[in-house]
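Reader: I'd like to learn how to read a sheet and its surroundings. Could you walk me through this one?

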Amino acid sequence: MGTGTSQGVPVIGCDCPVCRSADPRDQRLRTSVLISNDSRHVVIDTGPDFRQQMLRTGLQQLEAVLLTHEHNDHVIGLDDVRPFNFRAQKDMPVFAMQRVLNEVKSRFRYIFESNYPGVPRLELQAISEQTQFELAGMQFQPILVWHGKMSVLGFRIGEFTYITDAKTIDEPEFDKIKGTRYLVLNALHHREHHSHLNLNEALDIIHKIQPEKAFLTHVSHHMGLAAEMEEQLPANVQLAYDGQELWFTQGR
């Protein structure tokens, strides 16, 4: 649903070629992905563009929210689960590390301290990289990665693995990713960054995992035009784009 960095693309006030591009592949909302199993749907991350992303999908039901970590571009849209609360007349399950849930309670205090009937209704459920769980008829395997010194969860669902905001991955976690058919991995831009993979670092991980296809997400306007990058990337790698759809099976 979104493949951009915390500022999105185009960036406010920027007139670089990417931010002025008319190519829809160069117009990126904040990072988020929708996982669907028939009519059952789960969202990973609810950034500031969550409402707009949900309107684009046309969904009337959402089964749960998974949060990779607590940075604003991944959580601040949580208030907009309210229409799903009203329609389903039940709380929205939110799965995340306990540290992230604590931050949600702090950042959205009005949700948990108000009796007003219009606030979102959230059911917070703590998970860790050791917590494999079933949701919407699918098996989710959390994967621990490092966003600088911050721990972040990626997720594997059958043939598909989704990792964003990673800089490093501990060797034991690679065992969870092996055999992935489709890998979505963050790649910020070409230069070194303290907490995000750059393009070369992401390509090294992709080479190690050897997926059938890899898609780069959390992409900055500094990466370059999508059309030009297509010619530079390996045959099994492409820049992901907003609205892109993949089909995969739940079995490994």
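Author: Happy to! This is a predicted model. Its open sheet holds seven strands, ordered S6-S7-S8-S9-S10-S11-S12, and the pairing is mixed.

Reader: Which strands are the edge strands?

Author: Look for strands that pair on one side only: here they are S6 (133-135) and S12 (237-239). From one strand to the next, the twist averages 25°.

Reader: Which helix packs on the sheet, and which strands does that helix touch?

Author: Helix H7, residues 199-209, packs there, touching S10 (182-186), S11 (213-217) and S12. The direction of H7 makes about 155° with that of S10.

Reader: Now the pairing itself. In what sense do S8 and S9 pair, parallel or antiparallel?

Author: As a general idea, strands of a sheet pair through backbone hydrogen bonds, and the sense can be either parallel or antiparallel. In this case S8 (residues 150-157) and S9 (residues 160-163) are antiparallel, with three bridges.

Reader: Why is glycine 251 classed as partly exposed?

Author: Because its relative accessible area is 41%, which falls between the 20% limit for buried and the 50% limit for exposed.

Reader: How far apart are glycine 251 and tryptophan 146?

Author: In sequence, 105 residues separate them; in space, the C-alpha to C-alpha distance is 27 Å.

Notes:
Residues are numbered from 1 along each chain as its sequence is written. This is a predicted model: local features need pLDDT of at least 70, side-chain atom pairs count only at pLDDT 80 or more; totals for chains, interfaces and linings use all residues. Side-chain values use heavy atoms; hydrogens and water are left out. Two strands pair if DSSP finds at least two bridges between them. Helices (H or I, at least four residues) and strands (E, at least two) are DSSP runs, numbered from the N terminus. Axes are lines fitted to C-alpha atoms, for helices over the stretch in contact, and angles run from 0 to 180 degrees between N-to-C directions. Contact means heavy atoms within 4.5 Å. Buried means under 20% relative accessible area, exposed over 50%, partly exposed in between (1.4 Å probe, protein chains only).
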